[in-house]
Amino acid sequence: MALKNYVLVCGGTGCESSKADEIFQNIKKEIEAHKLQDDVQVIKTGCFGFCEQGPIVKILPEESFYVQVVPEDAKEIVAEHIVKGREVKRLLYVGKDDKRKTDFNKHDIDFYQKQYRIVLRNCGVINPENIDEYIAREGYAALDKVLTSMKPEEVIEEIKKSGLRGRGGAGFPTWMKWDFTKKAEGDVKYIVCNADEGDPGAYMDRSTLEGDPHSVLEAMTIAGFTVGANQGLIYIRAEYPLAIHRLEIAIAQAKEYGLLGKNILGTGFDFDIELRLGAGAFVCGEETALLASIEGKRGMPKPRPPFPAVKGLWDKPTVINNVETYANIAVIILKGGDWFASIGTEKSKGTKVFALTGKVVNSGLIEVPMGITLREIVFDIGGGIKGGKKFKAAQSGGPSGGVITADYLDTPIDYENLQKLGSIMGSGGLIVMDEDDCMVDVAKFYLDFTVDESCGKCAPCRVGGKQLYGLLDKITKGKGEMKDIDNMREISLAMQKASLCQLGGTAPNPVISTLKYFEDEYLEHINEGKCRAGKCKDLMKFEIITDKCVGCTVCARKCPVNAITGEKQKPHVIDQKTCIKCGVCFEACKFKAISRG
Amino acid sequence: MSMVNIKINGTPYTVKSGTSILDAAKEAQINIPTLCYHPDLTPWASCGLCIVKMEGSPKTFRACATAVEEGRSYITHDAEIVKVRKTTLELILSRHPDDCLKCGRNQDCELQRLSAEFGIREVPFEKRLRDIPKDESTASLVFDYEKCVLCGRCAEVCQDMQNVWALEFIGRGFETRVAAAAGVSMADSPCVKCGQCSAHCPVGAIYEKDETAKVWDVLCSAGTCTELMPVVQIAPAVRVAIGESFGYNPGEITTGKLYAALRKLGFKAVFDTNFSADLTIMEEATEFVTRFTKKTEQLPLITSCCPAWIDYLEKYDHDMIAHFSTAKSPQQMLGAMAKTYYADQVKKSAKDIFMVSIMPCTAKKFETIRNDDMSSSGAQDVDVVLTTRELARMLKQAGIDFRNLPEENADSVLGNYTGAGTIFGATGGVMEAALRTAYNFVTGEDLKSVDFNDVRGLDGVKEAVIDIKGTKVNVAVAHGLVNVQYVLDKVAAAKAKGEKLPYDFIEVMACRGGCVGGGGQPYGATDEVRAKRAAGLYTDDEKSVKRCSHQNPEIVAIYDKYLGKPGSEKAHHLLHTHYKARKLYNK
């Protein structure tokens, strides 16, 4: 008997933290209260991506796309939509043209129009805790194809044709890693999945694992068959509990179905996958540090060569790929390398998942074809800058990347172009900044992160990062000197050239890149004691413009430290010693009588 | 051995496959600067000074950790490389205190040398020192974390060479430091005090606890300051290494000058630990022959001269404690004999004698207070232990012109030694010395050739079968604690399976090369240096008139006059000790 309705509730971490689970439970309760449990299935899916509008509830077959749902809406959704067949109009997503927008797969919604979902093909579509739903959407068909009709060489050839490159950031050709590992001598080999995503603002891998864990398990098993490994390990940070939970369920279900474990699909091939929980050190995303951590050692990078493909986990040949890389594999096997290679640019094929955050209207998880421009991402998908402000720059590659300025909004995004601009693809964090962002402060923010996350092993990163941060801090506090710029360049060069791993090697990128495009802002801070974005508090001064002040007393009443005094209807005064430069008065004054300089 | 063709700075070279860029450059007469690299260790690659470029690659490579590849062209120096190295060095210096003048490594510091070579006159970066208190909790070592440059050598030595795992990186980022895990003090950690960390430290961050002041106090001239009688003993390995502090080559024997120097310092009697090494052999060989002939459960017998090894076994291998020889180490035996046998002869009491021992070792400082058996004379048997490094400093402070000293002899009745005593300082030496005497104890005859070459040399584990007139004795010699575990595991496996034990007798020395490579020896030990020092001891042995401990006339006399027979009750009271299982962490 066909079901009447399917209710999909987003179970991504963002929506979960906005009470998606409560919404899910409430809807289920309401369905049961109406005794509709045999007609309606309520499913918690992976991330829909449109996090700005979460929590999201979607109802099939009507394709009703409900946004910003709260637990109390469950009653109305069930009573109106399910029982009476009337859409809850107030919850529907409405586009710029005031029209009801529905199916995101059909790109009805502007946020999804320029997206191309390969990696996220099942996110927001299936229940990640039910293997049948994955299988229903061609899940494990690629594994079956590989095990029953392909030779390892053919798998590698297909991936080579696809042009797939590592999505962890560096963009190393995936087929080469597999090929090196396949050809490396070793009685035991390992397949490792790097799920140690840790850039500030990034949640691509987390969402993939939460929304479609089997896509990674299937790909790792294919990799195992291809290179001759029987053991896989997923290194995932412990602070991703939902992803861990769903992976555990997925592994158990795959084993139950004979898709993992001994004699997979009756072919005689054995492959098992275990989870290894990381403690959340950013450096453990670096592959040699990750492997050390799995081995029970402190996560510190080792020099390469030897590369893990030759001497990896427990000194055995090891394939180590990132979550997103794996999530592409099954599709490539099924649709062919040529198909995959038809998407993207000359050297960067396929799609890329980005976590689009910052000052855009629509922040969320997006998947776009390589070669898309930043303008399309920010303005078409992202809906432009919040509050009608001006786009200033976007940071790709997280703390290892650099800024892309307005001049380069139309550059097609791929590995090579980003590098040319002084940034990197990275794992896919994309933070948009507007005119209120101070570029010195931005560089300082990222340095603060990498200084904290440095493993402390090599001197250039450990000491260089700290010194670099110190100089940025000095400049944002108005104490900068011209020689600091030279010193920053010198330290940056030493870090780039002499750091042991890419955490340290790329840590100065935000500094180098902002110095390249926004040197004038640095000079303003140093020479004029001015922060044009009004971000650096030590350089700020709020003053009341006597001519404009009408003495309404609003500022005085709002000031949290009572720094503003004055009689009613007479110009007020800010006591500069007491002022903490919070800017509340500036925002509160209706007469624009407060200057910020 | 396959060869690879490479270019270094444009010039072609052919080197062995697997050679590091660092070593290949050395063959091309180019020294690439290093700070964290040490030939004993797997390159840890932390300092960043040895970076080189490879033509066609945008990356830099660490010369210490990267093997050369066929057809590659490497650039070891250009303007950018030198600039980056200098900046990196300046960064390291920006968090290192500039107190070279007050540092134990002044003029013998790898960082100081690099700073001089790079012509550092000013560090352009903010000084960022970290106020971390020193750890002086053990009797042996001081950890001055402020000076640490985090090269990682000590942690690697502690973990990979010594298998002790007392030192670990803790904290992260700029706050990273090397210290005992979990923030405990070194005394509460598994540290065995071997001091290999201090021997490998490139700067003055880890050093022996300096006790020279205590000795100076007692040595005050003409006995006016003190009624104590200062006497001294020198360990076997000191004589082939202390010369390095006075311009001699490693391995040059300076025994006679050392005796003379110690008398000039003011010691009233100069004894030789080589004598008590002979005494140790008498006790230990007796113990071995007894256990071996009775085939008791305490086989294999394991030597116990090395205090770091004792500490290790008491902490890590509780099951093997019964296998330990109960014989004290030569240092402690000499201390006990000096304060009893010798004291009687000079009509002093144990309390009146101040026994200083000169040791290649930092753990020996700890050994003097290891347990109550170390005070068998009624007073603490050895009062102060100075390492070779400390003595060298004292001799310089005293203005003694070491090189031009006339050679002197040790004092009897604790000064005469045989070749067997002197080789105690090298790995395999205790085994060899014991076998020379055990042969006599079993057969009543002396060996025609006393050389047991199978147990000599720097292989980590040496196994041999010794034929004592048809009876086979299986022996193993291990040095560097990581190698010990292999030997012990083999014994444990045989025991578990009820199979024949692989060994009857095991010698262990904690430090690589044995005491010649001890943690208290002059800095700069490498395998080459250790081999030279050991060769010095074997030369001393060959030149000795008597080469078996039981032939030492002073040994014969001490048993005749004082101890009775080896293993006698008196010998047991003064010359033997006991062991107990201890926890790895005290907290």
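How many bridges join strand E12 (residues 391-396) of chain A to E14(A), and do the two run parallel or antiparallel? There are 5 bridges between them, and the strands run antiparallel. That pairing is a handy place to start a walk through this complex, which is a predicted model.

## Confidence

The predictor assigns the complex an ipTM of 0.90 and a pTM of 0.92. For chain B, the mean pLDDT is 94, and 99% of its residues reach 70 or more.

## Strand E14 of chain A and its partners

Let us stay with E14(A), which covers residues 429-434. This strand is largely enclosed by the rest of the structure, because 5 of its 6 residues are buried. On the antiparallel pairing with E12(A), Ala394(A) has Val432(A) as its bridge partner. E14(A) also pairs with strand E10 (residues 351-358) of chain A, this time in parallel and through 4 bridges.

## Domains of chain A

Chain A is split into five stretches: domain 1 (5-109), domain 2 (131-340), domain 3 (351-434), domain 4 (439-528) and domain 5 (541-596). Take domains 2 and 4 of chain A, whose C-alpha centres lie 35 Å apart.

## Where chain A meets chain B

The contact between the chains draws 28 residues from chain A and 28 residues from chain B. On chain A, helix H17 (439-453), helix H18 (459-476) and helix H19 (482-498) each supply at least two residues to this side. H18(A) gives the largest share, with 8 residues. Sorted by class, the chain A side holds 13 nonpolar, 7 polar and 8 charged residues.

One residue worth a look in H18 of chain A is Lys466(A). Is Lys466(A) buried or exposed? It counts as buried, because it has 23 C-beta neighbours inside 10 Å, and the cut-off for a buried residue is 20 or more. Setting aside residues up to four places away in sequence, Lys466(A) touches Val451(A) in its own chain, and Arg128(B) and Phe174(B) across in chain B. By contrast, Glu435(A) is 31 residues from Lys466(A) in sequence and 28 Å from it in space, C-alpha to C-alpha.

## Strands of chain B

Moving to chain B, strand E13 (residues 353-359) has 7 of its 7 residues buried. In a regular strand the side chains alternate between the two faces of the sheet. In E13(B), Ile353(B), Met355(B), Ser357(B) and Met359(B) point one way, while Phe354(B), Val356(B) and Ile358(B) point the other way, and all are buried.

E13(B) pairs with strand E10 (residues 229-234) of chain B and with strand E14 (residues 384-387) of chain B. Elsewhere in chain B, 4 strands make an open sheet in the order E12-E17-E16-E15, with mixed pairing. Its edge strands are E12 (301-302) and E15 (461-468) of chain B, each of which pairs on one side only.

| Strand pair | Sense | Bridges | Bridge partners |
|---|---|---|---|
| E10(B) and E13(B) | parallel | 6 bridges | Val231(B) and Met355(B) |
| E13(B) and E14(B) | parallel | 4 bridges | Ile358(B) and Leu386(B) |
| E15(B) and E16(B) | antiparallel | 8 bridges | Val465(B) and Asn474(B) |

## A helix and a loop in chain B

Helix H8 (residues 273-294) of chain B has 22 residues and reaches 31 Å from its first C-alpha to its last, close to the 32 Å expected at 1.5 Å a residue. Since 18 of those 22 residues are buried, H8(B) is largely enclosed by the rest of the structure. Just after this helix comes Lys295(B), with a positive phi of about 50 degrees.

Finally, have a look at Ala67(B), in the loop between strand E4 (60-62) and strand E5 (73-75) of chain B. With 16 C-beta neighbours inside 10 Å, Ala67(B) counts as partly exposed. Leaving aside neighbours within four places in sequence, Ala67(B) is in contact with Gly18(B), Thr19(B) and Ser20(B). Arg130(B), in turn, lies 63 residues away from Ala67(B) in sequence and 36 Å away in space, C-alpha to C-alpha.

Note on methods: Residues are numbered from 1 along each chain as its sequence is written. Chains are lettered from A and ligands numbered from 1 in the order in which they are written. This is a predicted model: local features need pLDDT of at least 70, side-chain atom pairs count only at pLDDT 80 or more; totals for chains, interfaces and linings use all residues. Two residues are in contact if their C-beta atoms, placed from the backbone, lie within 7 Å. Ala, Val, Leu, Ile, Met, Phe, Trp, Tyr, Cys and Pro count as nonpolar, Asp, Glu, Lys and Arg as charged, and the others, Gly among them, as polar. Domain bounds come from an automatic or database domain assignment. pLDDT is the predictor's confidence in each residue, from 0 to 100. A residue is buried if 20 or more other C-beta atoms lie within 10 Å of its own, exposed if 12 or fewer, and partly exposed in between; C-beta atoms are placed from the backbone. Two strands pair if DSSP finds at least two bridges between them. The expected span of a helix is 1.5 Å times one less than its number of residues.
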